[in-house]
Structures are given as C-alpha cells and as structure tokens.
Amino acid sequence: MTDNNLTRLTAHKLRELALSVPEGQFLGTEKDLLARFGISRPTFRQAVQLVEAERIVATVRGLNGGLFSRNPDMEGVVSSAASYLRSRETTLGDVLLAANSAIADAVGIAAECTDAGLREELAHLIGELTARQAGPQPFAAFRDDELRAIDLFCRMCGNPALDLMIRVLFRVGMAAFEEIFEGREKLMQQRRTARLHILSAIHVHDRARALEICRRNGDLSRTRLAPKLLERRMQAMPPAVPED
C-alpha cells in the first residue's frame, strides 16, 4: 500500500473512531494510537491533520494530552462544501435550481412541524415581517430577513441532510444576492410578499399552498434574471447562514 493510501486509510479509521463515541471523549495518546493502527508516526500525523481539518478530532498537547473526539460543526462542513462547489465552476443557475428544489422539500416538511418552540418562533417572525411589509426596506435588512426565514425552514424541517444542502447552496448563492436584488425594489417586494405567504401557510399547516407559493417564487427567481447572470460562475465567499 502506498503512503498516500495508508494515510487515507488511517484517516478513515480515526474518523470512524471519533464519530462512534460522544464528543470530547479521549481516543488515546499518539503512542497508543500508533500501536493500535500499526503505522509510522509521520503517517499518523498526516492522517490526524486530515481529520482535524474536518473538525472531527482535536489534539491536546502536554502531560494529559492526546487525541479527543469532536462533533463536526455546521460551519466547517458548509464552508468545505461551498468551496467544493466553487472549485467546480458552479453557476448561479445551478445554485438556484438546486436551492429552489431543496427549499420546497424543506417547506413541505416544515408545514407539518408541531414543535411548540419553533412554531412560536414562526409566529413571531410572521408578526415582524407583517409589521414592516408595506414600507421600503434597505437591502441589508431584506437579506437578513431572507436568511432568518431560511434558517427557520431548515430547523422546522428537522432533516439534517436537507438542512446541510440548503445552507451550502445559500452560502454559495449569497455571493450574488446583492447583484440580484439591491436597487430592484419591485423584485425585492415580490420576494418579501412570497416569503411572508409561505411562512403564513406553514403556520396554518397548509402544505399544498406553501409548496405552490414556493414553486412560483422559485420560477420567478430564475425568469427575472438575465441569462448572463445565471451563467456566472460563483466565486466570492459570502456570509454564513446564521445559526440558531
């Protein structure tokens, strides 16, 4: 086996070990793990670097040091996945197509959510958005409201796979958000109205209406953009979707 393959195999074993135990559990000293895996110190340290980059393990130096398990955090995973999409020359059109589909799935599940705390948060957000719906809104406030709604959809759907997918796509797509909406008051207002209607439909458990509005909103997002913008490769790293 080549050194690179052995490093990847060791990283896989460390990854599985760390994910099989609670966060913060001691996995062993370097000496312990070298003996367990039967590998050289350079190979082990290279493997540790790989899984540390994934935020799955943490190395503690000193007398009581060693390797400890970590739960990968959302920000680290989203950042890596977004970088992957940018490296593959993903276009805004690609992002919109995938994001609209994922959000529709999340919205459909969210309409069936019965979690009292999340539904209270939903009602509060609807009240806030309704109170300022009639007047103009600065772009920064519009963007923040969009992210709050997306974050709530993600948490209400309770599906970690959809949650991750949506956050990754928005991390990439937010790079073009300002170019799409800033200065286009009518388009922003249409988006705000659709967002509020989706939230209101979710609030009354009207899944069919929530999905229909979500579909029309997604179609509008694509048809109102110039082909040149849809074909643009995503490059800049936009701000992260806020966590709860």
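α2 (30-37), α3 (41-53), β2 (57-60) and β3 (66-69) each contribute at least two residues to the lining of the largest pocket. Keep in mind that this is a predicted model.

**Exercise 1.** Find which element gives the most to the lining of the largest pocket, and which residues are the closest to its centre.

*Solution.* Start with the pocket itself: its volume is about 270 Å³. Of the 16 residues lining this pocket, E30, F44, R45, T59 and R61 are the closest to the centre. Next, turn to the elements: α3 gives the most to this lining, with five residues. Finally, sort the lining by class, which gives five nonpolar, seven polar and four charged residues.

**Exercise 2.** Work out which helix gives the most to the lining of the second largest pocket, and how the lining residues divide by class.

*Solution.* The second largest pocket has a volume of about 220 Å³. Look along its lining, where you will meet L19, A53, E54, R55, I56, P72, D73, G76, V77, S79 and S80. Helix α4 (residues 74-87) gives the most here, with four residues. By class, the lining splits into five nonpolar, three polar and three charged residues.

**Exercise 3.** Decide whether R167 is buried or exposed, and name the side chain with which its side chain makes a polar contact.

*Solution.* First locate R167 in helix α8 (residues 160-173). Its relative accessibility is 3%, and buried means under 20%. R167 therefore counts as buried. Then follow the side chain of R167 to its polar contact with the side chain of D163, at 2.3 Å.

Notes: Residues numbered from 1 in each chain as written. Predicted model: local features only at pLDDT ≥ 70, side-chain atom pairs only at ≥ 80, totals over all residues. Heavy atoms only, no water. 1 Å grid on protein atoms, 1.4 Å probe; cavity = no way out; pocket = protein on both sides within 12 Å on 5 of 7 lines; lining within 4 Å. Points joined across faces, edges and corners; volume = space filled by probe spheres on them. Nonpolar A, V, L, I, M, F, W, Y, C, P; charged D, E, K, R; others polar. Buried < 20%, exposed > 50% of the residue type's maximum accessible area, 1.4 Å probe, protein only. Polar contact = N/O pair within 3.5 Å; in protein donor to acceptor, adjacent residues only side chain to side chain.
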